[in-house]
Amino acid sequence: MATLVWPELALPADPFHGHALITGATSGIGLAFARALAAKRCDLVLVARNEDRLAATAVELRNDFGVDVEILAADLADQDGLAAVTRRFEDPAAPIETFINCAGHGLHVSLLEQDTSTIDSAHALMIRAVLILGGAAGRSMKARGHGVIVNVASVAGLIPMGAYSAIKSWVATYSESLALELAGSGVHVTTLMPGWVRTEFHQRAGIRTESIPGVLWLDADRVARDCLRDVARGRSRSVPSKLYVALTCLAEHAPRPLVRRVAAAIRGGR
Ligand SMILES: NC(=O)c1ccc[n+]([C@@H]2O[C@H](COP(=O)([O-])OP(=O)(O)OC[C@H]3O[C@@H](n4cnc5c(N)ncnc54)[C@H](OP(=O)(O)O)[C@@H]3O)[C@@H](O)[C@H]2O)c1
């Protein structure tokens with residue numbers, strides 16, 4: 001699998017400075033990005049729904065790294081919450097230089113369910129909010145001629161594992177398209193494609209994980225650090241760990257009947 005590098009978007013040695021806005025910043029991968037960017041001396045804007053947890057996370061990050069931390073409590077699946085976060089990208093006094101488009105949740109529902117409300121709300125969070133916030137970030141960064149956007153997709157988007165896979169497949173295609181649309185503008189877009197990462201994700205969605213071999217689990221801090229390194233190298237896609245680079249290659253190039261058989265085996269273990 002060839003990794004696409006945009007030579008015209010060769011980034012400065014350290015592209016991370018100023019304010020970084022992270023959605024889903026109180027847990028798992030988003031929190032790991034918050035820590036990694038604070039370690040690079042970025043000031044932070046943390047977004048999630050639970051205000052108490054946001055406030056506690058902000059105190060911890062200020063104490064640990066000495067950076068400024070704003071919090072924005074918002075449900076991104078809700079129009080008003082999304083609008084409030086969108087407006088933050090338009091603040092010229094403290095522009096967002098790095099945007100981590102991360103908030104999301106697992107989805108363990110049948111595609112045959114008559115009640116699609118769970119899938120509808122997942123679409124609002126992981127498609128609509130990703131699109132609206134990515135557009136707001138892209139517009140303001142393009143106007144300034146620089147910036148970094150990371151969209152969190154998933155290896156699951158490469159294999160047929162239900163509504164979640166379909167959503168993450170959309171995120172990956174969207175993210176690559178955004179990179180193309182912003183090519184030459186000074187704004188760099190990277191698509192993060194994690195495999196299984198130890199976070200609250202599976203427990204929150206009621207997904208059983210006992211059948212997943214230990215070797216397939218990734219550490220969230222490592223995923224975030226490696227992704228920021230890939231961004232600094234100008235990579236348009238970040239796949240954490242050599243094992244997942246190989247599995248991604250298989251998912252994209254192996255015969256589809258084989259891919260479907262593997263997906264069916266994984267589904268059976270959940
Ligand atoms: N863990 C994995 O194995 C894995 C693999 C591939 C991709 N991913 C993707 O990585 C991203 C982060 O997942 P994670 O594993 O870090 O999960 P996590 O530990 O459950 O964290 C999810 C974060 O998103 C926030 N969030 C959830 N719903 C929200 C909403 N409606 N509005 C605003 N914020 C919301 C949560 O805070 P509140 O509950 O307070 O809102 C929390 O901060 C997701 O997009 C997920 O699809 C995860």
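Modeller: Let's begin with Val189, which counts as buried because its relative accessible area is 2%, and buried means under 20%. This is a predicted model, so please read every value here as computed from it. Val189 has its place in strand β6.

With 15% relative accessibility, Ser185 counts as buried. Its side chain reaches the backbone nitrogen of Val187 at 3.1 Å.

Now follow α5 to the ligand. Helix α5 spans residues 163–182 and is among the elements that give two or more residues to the shell around the ligand, together with α1 (28–39), β7 (196–197) and α6 (201–205). The most comes from α6, which gives three residues. In total, 30 residues surround the ligand, and the closest are Thr26, Ser27, Arg49, Tyr164 and Thr199. Sorted by class, the shell has 15 nonpolar, ten polar and five charged residues.

An N or O atom in the side chain of Tyr164 is 2.5 Å from an oxygen atom of the ligand. For Arg204, the corresponding distance from a side-chain N or O atom to a ligand oxygen is 2.7 Å. His202 also has a polar side-chain atom 3.4 Å from an oxygen atom of the ligand. Taken alone, the ligand exposes 890 Å², and the protein buries 97% of that.

From here we can turn to charged pairs. Side chains of opposite charge can pair when their charged atoms come close. A search of the whole structure finds twelve salt bridges. One of them joins the side chains of Arg53 and Glu200, at 2.5 Å from N to O. This pair links distant parts of the chain: Arg53 is in helix α2 (residues 51–65), Glu200 is in the loop between β7 and α6, and the two are 147 residues apart. Arg53 is partly exposed, with a relative accessible area of 30%, and Glu200 is partly exposed too, at 27%.

Another salt bridge brings together the side chains of Glu70 and Arg88, at 3.0 Å from N to O. Glu70 lies in strand β3 (residues 69–73) and Arg88 in helix α3 (residues 79–88), so this pair ties together parts that are 18 residues apart in sequence. Glu70 counts as partly exposed, at 31% relative accessibility, whereas Arg88 is buried, with a relative accessible area of 8%.

Arg208 and Glu210 form a salt bridge as well, at 3.7 Å from N to O. Here Arg208 is partly exposed at 43% relative accessibility, while Glu210 is exposed at 61%. Elsewhere, salt bridges that share partners join Arg222, Asp226, Arg229, Asp230 and Arg235 into one network.

One last stop is on the surface. Val215, Leu243, Leu247 and Leu250 form a nonpolar patch there, with about 350 Å² of accessible area together. Leu243 lies in helix α8 (residues 242–253), and at 35% relative accessibility Leu243 counts as partly exposed.

How values were computed:
Residues are numbered from 1 along each chain as its sequence is written. This is a predicted model: local features need pLDDT of at least 70, side-chain atom pairs count only at pLDDT 80 or more; totals for chains, interfaces and linings use all residues. Side-chain values use heavy atoms; hydrogens and water are left out. A residue is near a molecule or strand if one of its heavy atoms lies within 4 Å of it. A polar contact is a pair of N or O atoms within 3.5 Å; within protein, one must be able to donate a hydrogen and the other to accept it, and residues adjacent in sequence count only if both atoms are side-chain atoms. Accessible areas come from the Shrake-Rupley method with a 1.4 Å probe; for residues, only the protein chains shown count as cover. Helices (H or I, at least four residues) and strands (E, at least two) are DSSP runs, numbered from the N terminus. Ala, Val, Leu, Ile, Met, Phe, Trp, Tyr, Cys and Pro count as nonpolar, Asp, Glu, Lys and Arg as charged, and the others, Gly among them, as polar. Patches are made of residues with over 30% relative accessible area and no salt bridge: like charges are joined within 9 Å, nonpolar side chains (Val, Leu, Ile, Met, Phe, Trp, Tyr) within 5 Å. A salt bridge is a side-chain nitrogen of Lys or Arg within 4 Å of a carboxyl oxygen of Asp or Glu. Buried means under 20% relative accessible area, exposed over 50%, partly exposed in between (1.4 Å probe, protein chains only).
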